[in-house]
Amino acid sequence: MRAVRALVPRFNNSAQATERLLQVQIGFLEERRVEVIQDVTTRWWSTYQMCERCIRLRPCFDIMTQQNELDNLAPRQWDVVVKVAKLLEPLMQVQQLLEGEYYCTVSFIPFLIDKIRRGLQD
């Protein structure tokens with residue numbers, strides 16, 4: 001995780017690097033162009049968002065690495081990022097449900113505990 005946390009600021013701290021990342025996405029990704037997401041210590045599920053975004057952008061990082069514009073993560077480091085994202089996904093979904101302001105969240109707790117258990121078993 002240290003490696004991906006070191007990769008993200010390279011784009012957040014450089015307008016040129018961010019612009020290059022967006023250029024690489026033009027002909028490559030079918031979806032809209034996106035930037036990296038920085039992990040925020042006060043919002044633990046931002047780690048999930050950072051991992052998911054980096055996984056989505058991995059092909060672009062690979063292209064930039066081939067063109068000697070970026071030091072990419074090693075395959076083992078990418079495996080860790082994928083596993084962390086998979087681990088955090090059910091927890092992030094549950095937290096988002098519990099953040100609701102317009103409905104009673106206490107009644108969701110048994111359902112959400114089951115959802116977490118099933119998500120972690122997969």
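**View 1. L98 sits in helix α4, which spans residues 75-98.** Helices here are DSSP runs (H or I, at least four residues), numbered from the N terminus. This is a predicted model, where local features need pLDDT of at least 70, side-chain atom pairs count only at pLDDT 80 or more, and totals for chains, interfaces and linings use all residues. Residues are numbered from 1 along each chain as its sequence is written, and side-chain values use heavy atoms, leaving out hydrogens and water. L98 is partly exposed because its relative accessibility is 38% (buried is under 20% relative accessible area, exposed over 50%, partly exposed in between; 1.4 Å probe, protein chains only). Not counting residues up to four places away in sequence, L98 touches T105 and L112 (contact: heavy atoms within 4.5 Å).

View 2. Is T18 buried or exposed? With a relative accessible area of 13%, T18 is buried. Leaving aside neighbours within four places in sequence, T18 is in contact with F11, N12 and E35.

**View 3. Helix α1 (residues 2-12) packs with helix α3 (residues 46-66).** Their axes are 11 Å apart, at an angle of about 70 degrees (axes are lines fitted to C-alpha atoms, for helices over the stretch in contact, and angles run from 0 to 180 degrees between N-to-C directions). The two helices are therefore roughly perpendicular, a term for angles of 65 to 115 degrees. From α1, the contact is made by V4, R5, L7, V8 and F11; from α3, by T47, M50, C54, F61 and M64.

Definitions and conventions. Angles under 35 degrees count as roughly parallel, over 145 as roughly antiparallel, 65 to 115 as roughly perpendicular and the rest as oblique.
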